[in-house]
Amino acid sequence: MQHTTGTQTLTLTGLRFDANLGILESEKAAPQPIQVDAELSLGPQPLLPHDDDIHHVLDYRKVRQIIIDECTAEHVNLLESLIGKLANRLLQLPGVLGVRVKIAKLEIFDDCEVAIRVEAGQW
């Protein structure tokens, strides 16, 4: 039996940038570095696409920019609020069936990283 489709996942790992996030006075005064990892379930896709045209796939450049824009649009107090907003936005992209997102605060403690992970939609 010849396989013609496969389940496809778009992954962005280790995306780092500064965001206005947190409840501490120091966090409200200045942005802090965060790291975002995202997986987007695109479901069954043809192993051999009909063409090689970027307009017929989910452009990862667009996904990267949406992540940055959503996380830097405004100050957010809680990681839980930010990750929910981001997951909801990514689920609205065409062809996305499910998302797994992790947002980590990289410098909140000297001895560990703090992160929230959420999974939504269909996997």
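This is a predicted model: local features need pLDDT of at least 70, side-chain atom pairs count only at pLDDT 80 or more; totals for chains, interfaces and linings use all residues.
## The largest pocket

The largest pocket comes out at a volume of about 510 Å³. Its lining is made up of 19 residues, and Gln8, Gln45, His56, Val57 and Leu58 are the ones closest to the centre. Two elements each give two or more residues to that lining: strand E1 (5-19) and strand E2 (32-46).

Nine of its residues are nonpolar, six are polar and four are charged.

## Cysteines without a bridge

If you're setting up bonds, there are zero disulfides in this structure. Take Cys71: its closest cysteine sulfur belongs to Cys112 and lies 20 Å away, so the two are too far apart for a bond. The cut-off for a disulfide is 2.5 Å between the sulfur atoms.

The surroundings of these two residues can be told apart as well. Cys71 is buried, at a relative accessible area of 1%, while Cys112 counts as partly exposed at 36%.

## Rings and charge

Aromatic pairs are also absent, with a count of zero. There is a charge over a ring, though: the charged end of Arg100 sits over the ring of Trp123, at 3.7 Å from the ring's centre.

## Ser81 in helix H3

Ser81 belongs to helix H3, which covers residues 79-91. With a relative accessible area of 41%, Ser81 is partly exposed.

Along the chain, Ser81 and Leu21 are 60 residues apart, yet their C-alpha atoms are separated by 9.9 Å.

Methods:
Residues are numbered from 1 along each chain as its sequence is written. Side-chain values use heavy atoms; hydrogens and water are left out. On a 1 Å grid over the protein atoms alone, a cavity is a set of points where a 1.4 Å probe fits but cannot get out, and a pocket is an open set with protein on both sides within 12 Å along at least five of seven lines; lining residues have an atom within 4 Å of a point. Grid points are joined across faces, edges and corners, and a volume is the space filled by probe spheres set on the points. Helices (H or I, at least four residues) and strands (E, at least two) are DSSP runs, numbered from the N terminus. Ala, Val, Leu, Ile, Met, Phe, Trp, Tyr, Cys and Pro count as nonpolar, Asp, Glu, Lys and Arg as charged, and the others, Gly among them, as polar. Buried means under 20% relative accessible area, exposed over 50%, partly exposed in between (1.4 Å probe, protein chains only). Rings of Phe, Tyr and Trp (its six-membered ring) pair if their centres lie within 6.5 Å; planes under 30 degrees apart count as stacked, over 60 as edge-to-face and the rest as tilted. A charge sits over a ring if NZ of Lys or CZ of Arg is within 6 Å of the ring centre and within 35 degrees of the ring normal.
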